[in-house]
Amino acid sequence: MNKKTIERYVLHNMVLFILLAMVAAISFLNANFLTPSNLINILVEMSTYGVVSIAMTAAIICGEFDLSVGSTFALCAVLFISLIDHVGVFPAMLAAILCGGLCGLVNGILVAKAEMPAFVATLGTMVAVRGLALNYTDGKPISNSNQLIYNIGNGYFLRIPNLVVMFFIALVVMHYILRYTTFGRNLYATGGNRDMAELAGIRVPFYRMMIFVILGLASGMAAVMSGCRMASGNAALLGLDLSMSSIAGVVVGGTSLSGGSGSVWKSLAGMLVIGVLFNALTLLGIQAYYQQLIRGLVVIVVVAADILMNAGKE
Amino acid sequence: MKTDKKTLLNLLCNYGLLIALLLIIAAASVFSKEFFTVANMLNILRQSTVVGIMAIGVTVVIIAGHIDLSIGSTVSLAGIIAILLINNTGNDWWAMTASVLAGALVGLVNGAIIAGIKGRTCDSFIITFGMQTVVAAVALIYSGGNFLTGRGRGVHSLIGKGYVPILIFLGLAVLLELIMKKTPFGRCVYFMGANPKAAKMSGVSVRRNTALLFVIAGVCASLAAVVMCSRVSAASPTSGKGYELDAIAAVVVGGTSMQGGKGGILRTLLGVVVIGVLGNALNILNITTYPQMFIRGVIIIAAVLLDVLGSKLSSGVVSK
């Protein structure tokens with residue numbers, strides 16, 4: 001292992017080293033940071049949005065992104081909460097996830113079949129779906145005191161919170177799809193060079209459409225997780241920052257928005273950097289406005305550094 | 001020229017938005033006597049000025065193939081600066097100048113970073129998203145998170161009254177249209193958007209122009225903030241939150257392509273008017289807020305769909 005290999009390894013996994021350095025520094029500054037309960041807390045906090053981030057990783061690898069996931073998330077959450085008393089918990093879950101898939105399908109058709117730019121198509125559905133969710137609940141927050149969803153959202157499986165278990169299942173499934181299936185490889189090919197993929201016989205429109213369906217399903221699943229945890233939903237507030245923070249997690253992890261590369265593990269590291277940072281700033285007693293400032297600066301610095309370094313390598 | 005089916009379809013796609021605007025106006029005038037009056041038309045224009053001024057600024061950025069998500073936060077910050085300085089110094093001109101300079105500075109930082117890393121569209125997306133968070137935080141810190149009220153008199157309070165905001169909006173639109181169409185800078189911006197590599201090889205100073213683009217967007221956002229704060233004589237540190245997407249929506253509804261190199265300020269003007277007229281017409285027709293949101297989303301999609309269809313039809317034909 002010569003110097004060059006080490007250098008390349010460090011460059012490719014920079015976010016991992018940033019994470020380790022952060023953990024070391026923060027545990028030195030605050031004794032409460034490196035405790036099991038706090039670390040579990042960080043994971044619970046990021047698990048709901050994390051599921052969407054995982055789907056967003058696949059989308060960004062394929063060269064797409066989605067601004068409407070937050071609205072889809074809100075619609076699915078209020079649908080889930082409101083349906084529980086009428087059809088039971090599990091059918092309501094299924095309905096919410098399918099509703100997410102349907103929203104995703106609309107996006108997919110607009111982008112892949114009608115060939116609209118993803119930014120504009122999902123901007124339109126973002127506004128429209130938020131309108132639907134608000135209209136459905138008449139803008140009021142709704143809640144449900146069902147014991148089963150409370151147990152699902154706040155219970156433990158082998159001493160690990162259920163939500164964290166769900167997050168890691170989603171992570172492993174997406175890792176398997178991206179790494180070991182034809183579907184996953186074709187996503188990389190489509191994101192890397194769309195024309196080339198088309199020439200190689202890959203049905204590019206199909207993959208681009210499926211990406212949005214996956215994003216919709218993930219938003220639905222996240223909505224169910226959030227609904228179970230909080231037993232309530234507010235169409236005006238839920239998921240307002242979901243699309244941007246899930247994209248930020250992926251990008252801070254080192255996956256370029258230009259497509260064709262990336263992995264869920266990188267995104268996990270990116271999400272952890274943001275999650276740990278947020279937790280640490282709170283533990284260290286930094287005011288909320290300064291926290292926001294620091295989080296914004298971290299996104300800019302990490303992304304700019306990543307682009308500069310990779311540009312030097314080419 | 002044959003007037004066959006294809007030409008007709010082409011015409012529909014190119015002037016679809018104008019036709020849609022006339023249809024909305026006609027339909028709303030039938031349902032309500034108050035709609036098609038001078039007072040209401042001026043009212044629509046005045047209401048559209050804030051997002052409109054932001055939209056014409058960001059149009060320039062979008063034509064160059066970039067995007068700016070930070071302009072909403074710039075509105076919040078510039079508004080806070082304007083009201084705070086007016087209250088503290090009592091000098092309206094100085095406060096407004098400082099506010100516009102702050103907008104220019106935000107734009108310069110955006111532009112310097114993106115030019116520095118030789119950013120492409122996807123890079124400007126994430127960098128300006130980071131700036132959106134940072135600038136929003138600065139606005140909150142600077143104001144202490146407080147809602148500020150102005151004096152409601154002096155030069156600044158006149159900016160938002162009567163014809164003044166409309167004249168500022170239209171004046172800026174004409175100025176930027178002239179810059180984009182009649183100056184070397186404008187032509188370079190179109191060139192950069194259409195083919196960044198070719199532009200660089202032809203000796204276009206891509207870096208300097210990129211920085212300038214974002215300064216234009218920042219200045220327009222702060223001017224929008226000055227107008228907005230004058231209209232309500234107050235500023236909130238979150239007043240511009242989400243406005244960037246409204247402005248971008250107006251740009252794309254007008255027909256400027258997100259891929260860059262195509263579109264123009266006048267198209268954005270049309271987009272702003274269509275969205276303004278539609279909102280007003282829906283209000284007059286007694287349609288409540290939430291269904292209005294749904295309709296607005298559908299309109300954004302429909303307008304762009306029409307545009308995509310139009311460019312497919314006329315592909316191969318050089319058009320401006």
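Two residues are in contact if their C-beta atoms, placed from the backbone, lie within 7 Å. By this criterion, among the contacts in chain A between residues at least 6 apart in sequence, 79% join residues at least 24 apart. For chain B, 79% of the contacts between residues at least 6 apart in sequence likewise join residues at least 24 apart.

The model is predicted: local features need a pLDDT of at least 70, side-chain atom pairs count only at pLDDT 80 or more, and totals for chains, interfaces and linings use all residues. Residues are numbered from 1 along each chain as its sequence is written, while chains are lettered from A and ligands numbered from 1 in the order in which they are written. The predictor gives the complex an ipTM of 0.85 and a pTM of 0.88. For chain B the pLDDT (the predictor's confidence in each residue, from 0 to 100) averages 87, and 93% of the residues score at least 70. Over residues 316–320 of chain B the pLDDT is below 50, and this stretch has one contact in the model beyond near neighbours in sequence. Where pLDDT is low, the predicted coordinates should not be read in detail.

Chain A has 14 helices and four strands; helices (H or I, at least four residues) and strands (E, at least two) are DSSP runs, numbered from the N terminus. The C-alpha trace of chain A spans about 65 × 55 × 35 Å along its principal axes. The radius of gyration is taken over C-alpha atoms, and the globule rule is 2.2 Å times the number of residues to the power 0.38. For the 314 residues of chain A, a compact globule would have a radius of gyration near 20 Å, which agrees with the 20 Å of the chain. A residue is buried if 20 or more other C-beta atoms lie within 10 Å of its own, exposed if 12 or fewer, and partly exposed in between, with C-beta atoms placed from the backbone. Buried residues make up 49% of the 314 residues in chain A.

Helix 8 of chain A (residues 162–180) has 19 residues. From its first C-alpha to its last, this helix reaches 27 Å, close to the 27 Å expected at 1.5 Å a residue; the expected span is 1.5 Å times one less than the number of residues. The buried residues of helix 8 of chain A are Leu163(A), Met166(A), Phe167(A), Ala170(A), Leu171(A), Met174(A) and Leu178(A). They lie on the same side of helix 8 of chain A because they cover an arc of only 140° around the axis, the arc being that of the directions from the helix axis to the C-beta atoms. An α-helix has 3.6 residues a turn, so residues three or four places apart point the same way. The face of helix 8 of chain A turned away from the buried side carries the exposed residues Ile169(A), Val172(A), Val173(A), Tyr176(A) and Tyr180(A). Among the elements of chain A against which the buried residues of helix 8 pack are helix 3 (36–61), helix 11 (204–230) and helix 13 (264–283).

Ala231(A) is placed in the loop between helix 11 and strand 4 (232–233) of chain A. With 18 other C-beta atoms within 10 Å, Ala231(A) is partly exposed. Not counting residues up to four places away in sequence, Ala231(A) touches Ser143(A), Asn144(A), Ser145(A), Ile149(A) and Tyr150(A).

The secondary structure of chain B comes to 13 helices and two strands. The C-alpha trace of chain B spans about 65 × 60 × 35 Å along its principal axes, and 51% of the 320 residues of chain B count as buried. A compact globule of 320 residues would have a radius of gyration near 20 Å, and chain B agrees, with 20 Å. In helix 10 of chain B (residues 206–232), the end C-alpha atoms are 39 Å apart, which agrees with the 39 Å that 27 residues should span at 1.5 Å a residue. This helix is mostly covered, with 21 of its 27 residues buried. Just after helix 10 of chain B, Ser233(B) takes a positive phi of about 50°.

The contact between the chains takes 39 residues from chain B and 37 residues from chain A. On the side of chain B that touches chain A, the elements giving two or more residues are helix 5 (121–143), helix 11 (243–254) and helix 13 (289–313) of chain B. Helix 5 of chain B supplies the largest share of that side, 15 residues.
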